Amino acid sequence: MTGTAAPFAADDYRARMERAARSAAEAGLAGLLVAPGPDLVWLTGYAPTAVTERLTLLVLAPGQDPVLVVPTLEAPDAGKAAGASALTLRDWTDGKDPYAATAALLDAGGRFGISDNAWAMHLLGLQKALPGTSYASLTEALPMLRAVKDAAELELLAAAGAAADATFEEIRKVPFGGRRESEVAADLAGLLRRFGHSQVDFTIVASGPNGANPHHEVGDRVIERGDMVVLDFGGLKDGYGSDTSRTVHVGEPTDEERRVHDLVRAAQEAGFRAVRPGVPCQEVDRAARAVIADAGYGEYFIHRTGHGIGVTTHEPPYMIEGEEQPLVTGMCFSVEPGVYLPGRFGVRIEDIVTVTEEGGRRLNDTTREMVIVD
């Protein structure tokens, strides 16, 4: 994470912290402990310049004011965070015991949710200071904490999606044939930044047989005429994520390549059409997967249909078999089925979708038809 999550006001962060504390109580927790990372940025607007071995921890508990335990030398920066006025800073100096300072804020026999990216040394330090406490990962205890976006967050996600769309419209104009995957990936990264991204998280360019690997690491393979090329790219714009995939073809495709691309497009449409409030997440996966399985390609769809997105590019909820969490208005996630034929080619089409009262709304609007590139 870099910078603040978004230009939100202190009252926005206060409301988030209050909601998080209430959610903790409803989950039977004594409170939440939030280390530097996306949860802390979302709750307070604070992202330390560098995350070190010194303890920084937000303590949220029902009926108590939020407290941010922070090293003294970092307190001035923490005090400038957008949500700082909605919490109390409690600083500690080198040579003092930060776990003792934190323990004074906690129920000595409570069970706490703790953010997944908390350092093991800090969790163990708290357990030593308060041996009667127990802990659950925040993803396990409150998986939907950041899942439902408010209107301002949806606006930022839509802007990030529009920037990714503009990137695709430009990349389809550049030469592919005869260039290395790494060169096209560099073009993608540059375009994302040109259109406002401060952070580029991934630029997958998977050509020909490399397209059969959904998370192909960009390499020096020279893209050839006749290649199918999977493009998957995204990052953060104004603190909120983009993530889109389109599959292009260098020159005219074969009938089979068109057929597989059309199949994935139909599956992506089916997954999108399944989106509506109250529907379990797994139904989005089932809808997309059924189209591919019915066409005889089920064994070649080898990943979940989607993942949530917000202040990170991957977060709950997940569109996968077994996830019975109902969709809620304001959730945002990808719908990205694919077919991957080992040694030959792959196809993936991905949009970010938000749940509305009527169904779903795409935050990516570039064509999902086959695009021919040079």
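Leu-142 lies in the loop between α6 (138-141) and α7, where helices (H or I, at least four residues) and strands (E, at least two) are DSSP runs, numbered from the N terminus. At 12% relative accessibility, Leu-142 counts as buried, because buried means under 20% relative accessible area, exposed over 50% and partly exposed in between, with a 1.4 Å probe and protein chains only. This is a predicted model, in which local features need pLDDT of at least 70 and side-chain atom pairs count only at pLDDT 80 or more, while totals for chains, interfaces and linings use all residues. Residues are numbered from 1 along each chain as its sequence is written, and side-chain values use heavy atoms, with hydrogens and water left out.

**Around Leu-142**

- Leaving aside neighbours within four places in sequence, Leu-142 is in contact with Ala-20, Ser-23, Ala-24, Ala-27 and Leu-32, where contact means heavy atoms within 4.5 Å.

**Helix α7 and its partner α8**

- Helix α7 (residues 151-171) packs with helix α8 (residues 181-194) at an angle of about 135°, and their axes are 9 Å apart; axes here are lines fitted to C-alpha atoms, for helices over the stretch in contact, and angles run from 0 to 180 degrees between N-to-C directions.
- That angle makes α7 oblique to α8, because angles under 35 degrees count as roughly parallel, over 145 as roughly antiparallel, 65 to 115 as roughly perpendicular and the rest as oblique.
- On the α7 side the contact is made by Ala-164, Thr-167, Glu-170 and Ile-171, and on the α8 side by Val-184, Asp-187, Leu-188, Leu-191, Leu-192 and Arg-194.
- Sorted by class, the contact of α7 with α8 has six nonpolar, one polar and three charged residues; Ala, Val, Leu, Ile, Met, Phe, Trp, Tyr, Cys and Pro count as nonpolar, Asp, Glu, Lys and Arg as charged, and the others, Gly among them, as polar.
- Phe-168 is also found in helix α7, and with a relative accessible area of 1% this residue is buried.
- Not counting residues up to four places away in sequence, Phe-168 touches Leu-231, Phe-233, Arg-246, Val-248, Thr-366 and Val-371.

**Helices α9 and α10**

- Helix α9 (residues 255-273) and α10 pack at an angle of about 155°, with their axes 7 Å apart, and the two helices are therefore roughly antiparallel to each other.
- α9 passes α10 in a right-handed crossing, and the contact is made by Leu-263, Ala-266, Ala-267, Ala-270 and Gly-271 of α9 together with Val-284, Ala-287, Ala-288, Val-291 and Ile-292 of α10.
- The residues of the contact of α9 with α10 divide into nine nonpolar, one polar and no charged.

**Charged residues that are buried**

- Glu-257, placed in helix α9, is buried with a relative accessible area of 9%, and beyond residues up to four places away in sequence Glu-257 touches Gly-226, Met-228, His-249, Phe-345 and Met-370.
- Asp-285 has its place in helix α10 (residues 281-294) and counts as buried at 2% relative accessibility.
- The side chain of Asp-285 makes a polar contact with the side chain of Arg-289 at 2.8 Å; a polar contact is a pair of N or O atoms within 3.5 Å, where within protein one must be able to donate a hydrogen and the other to accept it, and residues adjacent in sequence count only if both atoms are side-chain atoms.
- Arg-348 lies in strand β14 (residues 345-348) and is buried, with a relative accessible area of 2%, while the side chain of Arg-348 reaches the backbone oxygen of Pro-214 at 3.3 Å.

**Backbone features**

- A cis peptide bond, with omega of about 5°, joins Pro-316 and Pro-317, and Pro-317 lies in strand β11 (residues 315-319).
- Asp-238 has a positive phi of about 50° although it is not a glycine, and Asp-238 is found in the loop between β8 (228-237) and β9 (240-250).
- With a relative accessible area of 43%, Asp-238 is partly exposed.

Note on methods: A crossing is left-handed if the near helix is turned anticlockwise from the far one by less than a right angle, and right-handed if clockwise.
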